[in-house]
Amino acid sequence: MKVVKFGGSSLANGEQFQKVINIIRNDPTRKVIVTSAPGKRFKDDIKVTDLLIKYAQSTLKQRDCTEIIDQIWYRYQIIANYFQISQDLLQPLYQELINLPNHSYKDSDFLLAAFKAHGEKINAQLLALILQQQQVPAQFLDPATAGLMVSDNANDARVLSETYQNLSKWRQTPQLLIVPGFYGITKAGNIATFSRGGSDISGAIWARGLQAELYENFTDVNAIYAADPRIVPQPHPIKIMTYRELRELSYAGFSVFHDEALLPAIEGHILINVKNTNHPDLPGTMIVPEKNFQPQSIVTGVASSNHFAALYLHRYLLNKEVGFTLKLLQIFYKFNISYEHMPSGIDDLTVIFDKRQFTESIRQQMCQEIQKVLQPDNLEWIDDYAIIMVVGEGMRNKIGVMKNITVPLANKHIAIHMINQGASRISIMLGTKKADATAAVAQIYQQFFDK
């Protein structure tokens with residue numbers, strides 16, 4: 001059996017819904033369908049999830065929500081009209097939407113989670129209604145009924161281990177199951193959502209729970225590409241890649257597939273196929289375990305991201321001071337800050353962060369604490385920082401890879417501030433200025449793919 005997840009662009013309007021229905025009908029092994037909320041129909045459109053966030057915020061401020069409710073419902077209504085679904089069938093869905101402010105919530109975070117989750121929930125209910133009208137034996141299945149249990153983190157939930165046993169009970173269900181992505185239920189019975197883009201996570205959880213032979217993730221691109229098409233025109237499509245290659249590339253900006261969604265799939269040894277809803281006959285990209293994988297090229301992909309910053313510390317004989325790094329980590333813990341990498345020398349240490357976790361106040365307080373406790377000779381915060389990841393299973397034990405990366409950058413006068421090779425030896429991380437990141441990706445891609 002297959003578990004299939006459709007992204008927001010795949011379920012944005014009636015025409016896209018029909019493509020989804022055709023895909024479902026064309027393969028009877030597609031038994032579980034995971035829905036996202038309706039996404040953008042055109043470039044400047046607003047996703048339903050963003051409208052629901054506005055709805056939640058207006059509710060918390062006790063403002064009139066009539067206009068935002070109308071905006072949200074219009075997105076579902078036009079899809080229903082496309083398939084001539086009667087108002088009698090739609091009324092319970094509409095009632096569920098307008099009743100959201102009337103429920104009791106643990107706190108404002110759980111209110112926000114519940115509002116957001118209804119983008120996926122109403123879309124799943126609507127898809128089930130449409131399929132039933134077309135004589136397809138489909139059943140809407142709510143995560144609470146299914147037993148998809150998650151941690152008590154309202155908007156950044158983690159799946160609980162008992163979920164997989166709960167979901168396994170649905171494996172023999174004869175009907176097609178239509179399940180909403182993005183959220184689960186806490187032990188207290190509250191809705192909690194995964195991080196943004198979490199329908200990918202839901203699909204992987206269902207695939208593992210049902211021990212699916214394949215998890216198909218339908219989106220709006222033909223494949224995962226070796227570089228961002230906005231940087232490299234018509235980049236090389238990746239036919240097959242490993243879990244860890246995608247994890248490494250997602251870290252630096254690959255956004256086709258939610259990187260956290262790989263974890264349930266890895267644990268369940270589930271094959272993943274990323275495909276295009278608009279061109280479902282194309283093979284897409286297969287994501288597979290590392291075991292017995294034979295790379296066809298040295299580098300699989302190159303990606304960059306600008307949401308990083310670095311903290312540079314210099315102190316003579318730093319390498320001989322016992323406990324220096326421990327004290328630094330304790331400061332990070334005090335401010336609830338996680339770090340990404342910490343390359344060091346005998347007198348120098350650089351700490352790389354995802355800067356999205358900082359406010360300016362937290363950054364200043366943390367740096368002051370480090371100066372007070374560790375008394376470095378020099379402490380510098382570097383905000384102009386980009387990370388470039390060069391990734392490939394074929395890089396293992398391959399001589400000359402570093403030269404082929406650094407020489408083209410030097411020829412283009414692109415300065416490298418940091419080089420770090422991952423412990424797995426399938427990735428090399430480079431630090432550059434933000435302004436150089438795009439050119440660096442293009443040069444590295446050209447070196448390995450334009451031959």
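Me: Is His269 buried or exposed?
Reply: This is a predicted model. His269 sits in the loop between helix H10 (262–268) and strand S11 (272–276), and its phi is near 55°, a positive value in a residue other than glycine. The cut-off for exposed is over 50% relative accessible area. At 60% relative accessibility, His269 counts as exposed.

Me: Where is Gln211, and is it buried or exposed?
Reply: Gln211 also has a positive phi without being glycine, near 50°. Its place is in the loop between helix H8 (199–209) and strand S7 (214–219). With a relative accessible area of 62%, Gln211 is exposed.

Me: At roughly what angle do the axes of H2 and H5 cross?
Reply: Two packed helices are described by the angle between their axes and the distance between the axes. For helix H2 (residues 48–60) and helix H5 (residues 108–133), the axes come within 8 Å. H2 passes H5 in a right-handed crossing. The crossing angle of H2 and H5 is roughly 145°.

Me: How do the residues of the contact of H2 with H5 divide into nonpolar, polar and charged?
Reply: On the H2 side the contact includes Leu52, Ile53 and Tyr55, and on the H5 side Leu111, Phe115 and Lys116 are among the residues. The contact of H2 with H5 divides into nine nonpolar, five polar and two charged residues.

Me: How many residues apart are Asp200 and Lys5?
Reply: The side chains of Asp200 and Lys5 meet in a salt bridge, 2.8 Å from N to O. Both Asp200 and Lys5 are buried. Asp200 belongs to helix H8 and Lys5 to strand S1 (residues 2–6), so the pair links distant parts of the chain, 195 residues apart.

Me: Which residue forms a salt bridge with Glu360?
Reply: Glu360 counts as partly exposed, at 46% relative accessibility. The closest N and O atoms are 2.6 Å apart, and the partner is Arg363.

Technical notes:
Residues are numbered from 1 along each chain as its sequence is written. This is a predicted model: local features need pLDDT of at least 70, side-chain atom pairs count only at pLDDT 80 or more; totals for chains, interfaces and linings use all residues. Side-chain values use heavy atoms; hydrogens and water are left out. Axes are lines fitted to C-alpha atoms, for helices over the stretch in contact, and angles run from 0 to 180 degrees between N-to-C directions. Helices (H or I, at least four residues) and strands (E, at least two) are DSSP runs, numbered from the N terminus. A crossing is left-handed if the near helix is turned anticlockwise from the far one by less than a right angle, and right-handed if clockwise. Contact means heavy atoms within 4.5 Å. Ala, Val, Leu, Ile, Met, Phe, Trp, Tyr, Cys and Pro count as nonpolar, Asp, Glu, Lys and Arg as charged, and the others, Gly among them, as polar. Buried means under 20% relative accessible area, exposed over 50%, partly exposed in between (1.4 Å probe, protein chains only). A salt bridge is a side-chain nitrogen of Lys or Arg within 4 Å of a carboxyl oxygen of Asp or Glu.
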